[in-house]
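Colleague: I would like to learn how to read a model of this kind, one feature after another. Could you take me through it, giving the general idea before the particular case?

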Amino acid sequence: MPPAEQRNLTRIYDTVIIGGGVAALWTANVLKNAGQSVVVLTNAPLGEGQSLAAQGVIHGGLKYAVGGKLTDSSEALAAMPGRWLAAMRGEGPVDLSGSRLLCDHQLMWSLPNMVSQVVSFFGSKALRGRSAAIAREDYPAIFDTDVYKGKLFRIDEPVVDPVSIIRELARGVEKETYLVEWKKNASIESTDAQLSAIVLREDSGETVRITASRYVLAAGAGNGAILSNLGIATPAMQLRPLHQLIIRKRGLPDFFSVCVGTGPKPPLVSTTHVDSEGRTVWYIGGDIAEQEGVARTAADQIAAGKALFAKLMPWIDLADAEWFTWRGNRAEPLTGTGDRPPGAYCERIGNVLVAWPTKLALAPNLADQVLRESGAPVAGENAPLALPRPGMGRAPWDLP
Ligand SMILES: Cc1cc2nc3c(=O)[nH]c(=O)nc-3n(C[C@H](O)[C@H](O)[C@H](O)COP(=O)(O)OP(=O)(O)OC[C@H]3O[C@@H](n4cnc5c(N)ncnc54)[C@H](O)[C@@H]3O)c2cc1C
């Protein structure tokens, strides 16, 4: 049989994106809208990895600033709530009008011993217009008890439903997205730390060689292996693990919150979701899910979670709730300090763009950077590839 090129089985795209989470899908929608020919190649159900495990908080930066003045990362994040809400109204290049806003704000609540610090922080000029104290008579159901002696603030950071976000992003680039199995039906060709082509074996057994002006690595924790296969040493990847708590009980009230404690990180960050059987789920991150939580077994993490709730919210009855945990990694560029770098990260190495949004919230910022790195579209339209399509991944509370 003649080689693929002679049978015209070469396809040229403006951009090939490797990945299948919020970074790959948001970026693909933006590039497609800018007239580029784009193909997205993922190795697993969409959103699997970090995106469907995210709490869905669209940070505007306030959480990071409680210890003092607004930080760089606050400034990078400040525009994000507005960008997401516009997309959810169907405005702009990414149409998320079919996705769900779980809550348009979060509660910032303080422990009784923190009241004076929190009041002075939220009263500061820098935050005017982005937060407001909640009057006692307006407390939501979860804090409507005399037992709670702290102070409640509203912060204008929306919480989105990651499942519907990934579904809607996927819808926008449905025709451009394919499932590949590296080694089985796909391989990367490289020379001198540059990606020269991706060779795909279609369902029919035909081989298709695809090339592009640029290749975006948006594969989350998968970027590390791709970079090392390409021989690219810098940027390097860091993984920061988390051990989240999941509390499931029908009829739990809404609980979208950041708790302010004495340490630099909130002791807990809570969001509320509904599982595929209609049961309410509280999804708990924050300090409890970080280092000490990661070192605990699932049983010890649940015991620590129960003890924390009994201490912080003794009025909440979780006796017959179902508790379980989810472990995963945040994938980011190596900072040297182990902290999250400020802003989304996108670095060009020749024809490769290495991308980590570092936050779900920063996906629009990442896509802006990729678009800025792209020239005018040059490749024409391509016929569809005869490859399988990925399904949707599942949220942590719907995993078996
Ligand atoms: C528990 C948790 C809670 C979080 N909460 C929030 C939050 O409330 N707000 C916020 O802003 N951020 C949050 N984050 C961070 C946020 O989830 C991530 O920054 C974001 O989802 C990263 O998106 P991504 O597309 O880069 O990676 P991922 O979502 O991990 O997607 C990477 C995708 O690439 C695919 N892939 C991997 N290797 C390959 C390969 N070789 N070839 C092809 N495809 C490949 C994977 O299948 C995967 O689908 C949270 C993270 C965690 C872990």
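Colleague: How do the residues of the shell around the ligand divide into nonpolar, polar and charged?

Modeller: The convention is that Ala, Val, Leu, Ile, Met, Phe, Trp, Tyr, Cys and Pro count as nonpolar, Asp, Glu, Lys and Arg as charged, and the others, Gly among them, as polar. On that basis the shell around the ligand holds 19 nonpolar, 17 polar and 3 charged residues. Bear in mind that this is a predicted model, in which local features need pLDDT of at least 70 and side-chain atom pairs count only at pLDDT 80 or more, while totals for chains, interfaces and linings use all residues. Residues are numbered from 1 along each chain as its sequence is written.

Colleague: Which residues of the shell are the closest to the ligand, and which elements each supply at least two of its residues?

Modeller: A residue is near a molecule if its C-beta atom, placed from the backbone, lies within 6 Å of it. By that rule 39 residues surround the ligand, and G21, G49, S51, G220 and G222 are the closest. Helices (H or I, at least four residues) and strands (E, at least two) are DSSP runs, numbered from the N terminus; α1 (22-33), β2 (38-42), β12 (237-248) and β16 (322-333) each supply at least two shell residues, with the largest share, 3 residues, coming from α1.

Colleague: How should I read the domains, and what separates their centres?

Modeller: Domain bounds come from an automatic or database domain assignment, which here gives domain 1 (1-67 + 161-236 + 334-400) and domain 2 (106-155 + 238-332). Their centres, taken over C-alpha atoms, are separated by 32 Å. The contact between them (C-beta atoms, placed from the backbone, within 7 Å) takes 24 residues from domain 1 and 29 residues from domain 2. The shell around the ligand, for its part, draws at least three residues from each of the two domains.

Colleague: Which residues touch the most other members of the largest nonpolar core?

Modeller: In soluble globular proteins, nonpolar side chains tend to be buried together. A residue is buried if 20 or more other C-beta atoms lie within 10 Å of its own, exposed if 12 or fewer, and partly exposed in between, with C-beta atoms placed from the backbone; a nonpolar core is a set of buried Ala, Val, Leu, Ile, Met, Phe, Trp, Tyr and Cys residues joined through C-beta atoms within 7 Å. Of the 103 residues in the largest such core, V16, I18, L217 and A355 touch the most other members. Its largest share, 8 residues, comes from α1, and this core lies between domain 1 and domain 2 because both give residues to it. Leaving aside neighbours within four places in sequence, the contacts of A355 include A23, L217 and V370.

Colleague: Is helix α5 mostly covered or mostly open?

Modeller: Helix α5 (residues 162-172) is mostly covered, with 8 of its 11 residues buried, among them P162, I165 and L169. What covers these buried residues includes α1, β7 (159-160) and β8 (177-179).

Colleague: Why does A225 count as exposed?

Modeller: A225, which lies in helix α6 (residues 223-230), counts as exposed because it has 12 C-beta neighbours inside 10 Å.

Colleague: How many bridges join β12 to β16?

Modeller: Two strands pair if DSSP finds at least two bridges between them. The antiparallel strands β12 and β16 are joined by 12 bridges, and 4 bridges join β12 to strand β15 (residues 280-285), also antiparallel. I247 stands opposite W323 in β16, and in β15 the bridge partner of I247 is W282.

Definitions and conventions. Contact = placed C-beta atoms within 7 Å.
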